[in-house]
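Hi everyone, thanks for making time this morning.

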Amino acid sequence: MDLSYSKGYEDLRAEVRGFLAERWSPAEDRDTIRAFRLDSIAAGYLYRSIPARYGGAEQEADPVAAQVISEEFARASAPGEVQGISTEMLIPTILERGEEWQKQMFVTPTLMGDMVWCQGYSEPGAGSDLASLRTTAELDGDHWVINGQKVWTTGGHLADKMFLLARTEPEAPKHHGISYLLLDMDQPGVEVRPLKQITGTAEFNEVFFTNARTPADWIVGERGEGWSVSRSLLRHERLMVGNPARSDALFRSMKKLVSTITIDGRPAIESPEVQQRLVQLEGWLETQRCSGYYQSTKELKGESTGTLGLTNKLNNSNFAQRIAELVIDLIGADSLLAPNPESGKRPGNERWMNQYMGSLGIAIAGGTSNIQRNIIAERGLGLPRDPLISDDRS
Ligand SMILES: Cc1cc2nc3c(=O)[nH]c(=O)nc-3n(C[C@H](O)[C@H](O)[C@H](O)COP(=O)(O)OP(=O)(O)OC[C@H]3O[C@@H](n4cnc5c(N)ncnc54)[C@H](O)[C@@H]3O)c2cc1C
């Protein structure tokens with residue numbers, strides 16, 4: 001099996017490398033990063049699949065070219081596309097299912113990070129069984145009036161807007177009575193209450209709606225068809241979580257740390273046990289990478305990625321957890337150190353405990369690992385459906 005890139009792609013790599021050497025020098029400030037992103041879009045490197053009229057680079061679909069570009073951006077630690085819920089989940093959905101005016105209004109500012117969204121799906125009692133959600137939206141003239149509660153809303157305290165699922169047809173069967181709405185967070189009817197996590201931070205929120213209002217046409221897809229819109233979004237969420245580039249970056253960062261740690265006065269990297277675990281992890285990573293290449297090839301040919309495409313999220317969350325476990329085993333109590341309250345200085349290694357706890361969260365977000373296994377078993381392997389459960393998040 002020859003996994004090297006063809007000459008055309010190696011030429012592209014050299015071109016991207018030249019561009020980065022000329023245009024990118026590490027910077028923190030928002031304006032420099034923004035200008036660099038705009039240059040990168042103009043060069044055809046970022047947001048390649050998004051039409052130019054919505055702020056993208058509008059390039060022909062070529063997953064291998066996209067892979068080469070993202071490898072080079074990662075190598076240079078240059079800011080690539082804005083990542084996260086807004087760009088990787090909402091934007092593909094608006095492009096797929098939204099009205100033209102919605103694309104014009106929401107896509108460009110979101111791509112540039114100027115408009116930040118949160119996802120209002122889960123509710124108390126409606127997570128895996130999402131279709132049981134009870135938040136309601138009723139039309140009142142030219143506005144929807146929304147009442148109810150969401151939970152686990154990542155970044156809700158920072159978001160400008162929310163995409164949410166609400167029940168608009170209370171009489172319809174549960175999957176058919178839901179609509180997919182967009183909402184301004186900054187209004188009296190929306191109350192955001194942060195949830196303090198075990199890590200000490202508060203990234204999630206409860207969000208309460210009391211007669212919150214949103215214009216009648218801030219709906220994606222038809223009224224009552226939000227369930228099918230949300231299905232395309234979850235597919236994007238799982239692709240986002242399953243991206244092998246994330247595992248790669250994590251593995252490199254772990255390897256760098258492990259090469260600086262000592263055990264009983266000797267470099268940890270010389271310990272046979274550590275070596276064995278590293279080799280196992282590298283094996284997983286290479287498997288994921290090859291699986292990524294295989295899936296890209298299939299996509300290039302317009303073929304289905306089959307069962308393999310269903311396994312990405314599960315594999316990626318398992319991998320992140322194993323990496324963090326290895327580091328925590330090696331650095332022990334260091335992983336528990338909090339930032340010094342006087343100097344505010346961070347000891348540095350606490351990020352691995354956060355990484356570990358975060359990896360447990362990733363195994364739940366966007367459809368739990370149990371649900372993923374059900375999907376792989378039923379849709380991928382053709383096994384019978386478990387008669388005792390209903391996997392509504394699939
Ligand atoms: C890091 C993180 C970020 C999140 N961000 C958001 C967000 O921004 N917006 C949002 O709306 N939600 C968000 N969520 C919520 C997330 O979507 C839900 O937690 C998830 O869907 C599971 O729902 P639940 O917590 O209600 O668990 P439950 O559905 O109650 O599940 C509890 C347990 O039962 C198992 N289980 C349930 N049903 C089945 C079944 N059919 N087959 C097998 N096992 C089953 C589950 O696997 C799990 O182990 C986030 C969650 C996490 C962890």
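Let me start with a question: which atom of tryptophan 152 lies 3.1 Å from a nitrogen atom of the ligand, a backbone one or a side-chain one? It's a backbone N or O atom of tryptophan 152. Do keep in mind that this is a predicted model.

A polar backbone atom of tyrosine 121 is 2.9 Å from an oxygen atom of the ligand. With threonine 368, the side chain is involved: one of its polar atoms lies 2.7 Å from a ligand oxygen. As for cover, the ligand on its own has 970 Å² of accessible area, and the protein covers 71% of that.

Now let's step back to the whole shell. The ligand is surrounded by 21 residues, and the closest are Ser122, Ser128, Trp152, Thr154 and Thr368. So what kinds of residues are these, by class? Twelve are polar, eight are nonpolar and one is charged.

And where in the protein do they come from? The chain is divided into domain 1 (7–81), domain 2 (114–225) and domain 3 (242–380). Domain 2 and domain 3 each supply at least three residues to the shell around the ligand. Taken over C-alpha atoms, the centres of domain 2 and domain 3 are 31 Å apart.

Key. Residues numbered from 1 in each chain as written. Predicted model: local features only at pLDDT ≥ 70, side-chain atom pairs only at ≥ 80, totals over all residues. Heavy atoms only, no water. Near = heavy atom within 4 Å. Polar contact = N/O pair within 3.5 Å; in protein donor to acceptor, adjacent residues only side chain to side chain. Areas by Shrake-Rupley, 256 points an atom, 1.4 Å probe, with all protein chains shown as cover. Nonpolar A, V, L, I, M, F, W, Y, C, P; charged D, E, K, R; others polar. Domains from an automatic or database assignment.
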